[in-house]
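These entries record what I looked up, residue by residue and then for the pocket.

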Amino acid sequence: MQFVRAGAAFLFVDPRFKGLPHLWVILNNPSSAFADGKVIAVSFVTARSYTDATVILQPGDHPFIRHATSVDYGGAKLWRVEMIEHEIGERRCHC
């Protein structure tokens with residue numbers, strides 16, 4: 001089964017976040033007409049007064065969530081499937 005697909009969650013160590021792993025969720029399948037081997041993913045960040053409050057997750061919503069957490073829509077990224085698979089192989093990204 002292919003890991004890189006809509007709804008899949010992974011932990012990625014992003015330099016923007018001081019080397020701390022953050023939870024990301026893939027929003028589309030790479031096989032869609034739009035995708036051409038790429039996926040859009042959003043990360044989750046600690047909910048603060050300045051973060052987007054459209055979706056706030058609480059502890060128990062996902063095993064990685066330990067406190068109120070916001071979807072970082074502004075930080076959404078277009079990822080190449082090969083890059084995610086490479087990062088998994090290098091152990092910088094965990095399923």
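I began with Q58, which is partly exposed, because its relative accessible area is 39% (buried is under 20%, exposed over 50%, partly exposed in between, with a 1.4 Å probe and protein chains only). The model is predicted: local features need pLDDT of at least 70 and side-chain atom pairs pLDDT 80 or more, while totals for chains, interfaces and linings use all residues. Residues are numbered from 1 along each chain as its sequence is written, and side-chain values use heavy atoms, with hydrogens and water left out.

I placed Q58 in the loop between β4 (56–57) and β5; strands are DSSP runs of E of at least two residues, numbered from the N terminus. Neighbours within four places in sequence aside, Q58 is in contact (heavy atoms within 4.5 Å) with I65 and A68.

S70 counts as buried, because its relative accessibility is 1%. With neighbours within four places in sequence again set aside, its contacts include F44, V45 and T46.

I then looked up the largest pocket, whose lining comprises 21 residues, with H22, F44, V45, T46 and H67 nearest its centre. A pocket is an open set of points on a 1 Å grid over the protein atoms alone, where a 1.4 Å probe fits, with protein on both sides within 12 Å along at least five of seven lines; lining residues have an atom within 4 Å of a point. I noted that β5 gives the most to this lining, with four residues.
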